[in-house]
Each structure stands twice: as structure tokens, then as C-alpha cells.
Amino acid sequence: MQKTYYDPTDLRKFSKITEWSEELGNKFFEYYGKVFEEGALTAREKSLIALAVAHTEQCPYCIDAYTKDGLQRGVTKEEMMEAIHVGAAIKSGATLVHGVQMMNKVNKLDG
């Protein structure tokens with residue numbers, strides 16, 4: 001078994017964050033639960049969004065959790081990969097659009 005910096009078993013310990021800050025931890029989990037309830041978006045759609053965001057944020061725990069959740073909700077591997085590509089395109093576009101700020105600064109300093 002390959003060792004990694006992230007211990008996959010730590011994901012099961014997530015609920016323990018309330019131990020050191022019970023009030024804030026409980027408020028977070030209450031909010032988190034509300035966010036993932038059915039609403040204008042289905043739980044399946046929210047799971048797919050969460051998977052894409054998990055990749056752009058590069059959270060291995062979230063990637064594991066929402067890959068499993070998505071599969072349980074009937075999300076296909078093709079849908080998962082397409083969602084990840086959407087996230088990657090937005091992330092790279094957001095990075096590149098900030099190049100305009102750099103260009104503006106260079107033009108200001110050169111001018």
C-alpha cells in the first residue's frame with residue numbers, strides 16, 4: 001500500500017471537528033446538511049457539483065466522498081469526468097483572466 005500525506009481514514013473523523021469548537025462545528029454541519037437537501041437542484045446534481053469543486057479545491061477527502069456519493073446517486077463515470085473538465089476549465093479561465101490584471105500593471109509601469 002502506498003503511503004500518502006492524506007490518511008483516507010481521516011475522512012471518517014470529520015464529525016469530530018465539533019470537539020474543539022462545538023457551537024461552530026454544529027452550525028457548520030447544520031448548514032452543510034441544508035445545502036445538500038433537495039431544492040431547486042436535485043441531490044444528484046449537487047453531488048456532481050461537489051465533485052467538480054472537490055477537484056478544483058484539490059481536496060482528496062472530498063474527492064473520495066463525492067465520487068462514492070455520486071456513484072450511489074447514479075452518476076456515471078462519464079458525467080463525473082465531464083464535470084471535472086468543467087471545473088478545470090473554469091479554474092484555468094479564472095487564472096488566465098487574472099493575466100489581464102498583470103497586463104494592466106505592466107502597461108501602467110511601462111507607460
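The largest pocket of this predicted model is lined by Asp10, Leu11, Phe14, Phe28, Tyr32, Cys59, Tyr61, Cys62, Ala65, Tyr66 and Asp69. A pocket here is an open set of points on a 1 Å grid over the protein atoms alone, where a 1.4 Å probe fits, with protein on both sides within 12 Å along at least five of seven lines; lining residues have an atom within 4 Å of a point. Its volume is about 320 Å³, taken as the space filled by probe spheres set on the points, with grid points joined across faces, edges and corners. Helices α1 (22-35) and α3 (60-72) each supply at least two lining residues, and α3 gives the largest share, with five. Helices are DSSP runs (H or I, at least four residues), numbered from the N terminus. By type, the lining holds nine nonpolar residues, no polar ones and two charged ones; Ala, Val, Leu, Ile, Met, Phe, Trp, Tyr, Cys and Pro count as nonpolar, Asp, Glu, Lys and Arg as charged, and the others, Gly among them, as polar.

Tyr66, one of the lining residues, also belongs to the largest nonpolar core, which brings it together with Leu48, Ala50, Leu51, Ala52, Val75, Met80 and Ala83, eight residues in all. Such a core is a set of buried Ala, Val, Leu, Ile, Met, Phe, Trp, Tyr and Cys residues joined through side-chain atoms within 4.5 Å. Two or more residues of this core come from each of α2 and α4 (77-97), and the largest share, four residues, from α2. Leu48, a member of the core, is in contact (heavy atoms within 4.5 Å) with Val75, Glu79, Met80 and Ala83, leaving aside neighbours within four places in sequence.

Is Ser47 buried or exposed? Ser47, found in α2, is buried, with a relative accessible area of 1%; buried means under 20%, exposed over 50% and partly exposed in between (1.4 Å probe, protein chains only). The side chain of Ser47 reaches the backbone nitrogen of Gly70 at 3.4 Å. Not counting residues up to four places away in sequence, Ser47 touches Tyr66, Asp69, Gly70 and Arg73.

Residues are numbered from 1 along each chain as its sequence is written, and side-chain values use heavy atoms, with hydrogens and water left out. In this predicted model, local features need pLDDT of at least 70 and side-chain atom pairs count only at pLDDT 80 or more, while totals for chains, interfaces and linings use all residues.

Technical notes
A polar contact is a pair of N or O atoms within 3.5 Å; within protein, one must be able to donate a hydrogen and the other to accept it, and residues adjacent in sequence count only if both atoms are side-chain atoms.
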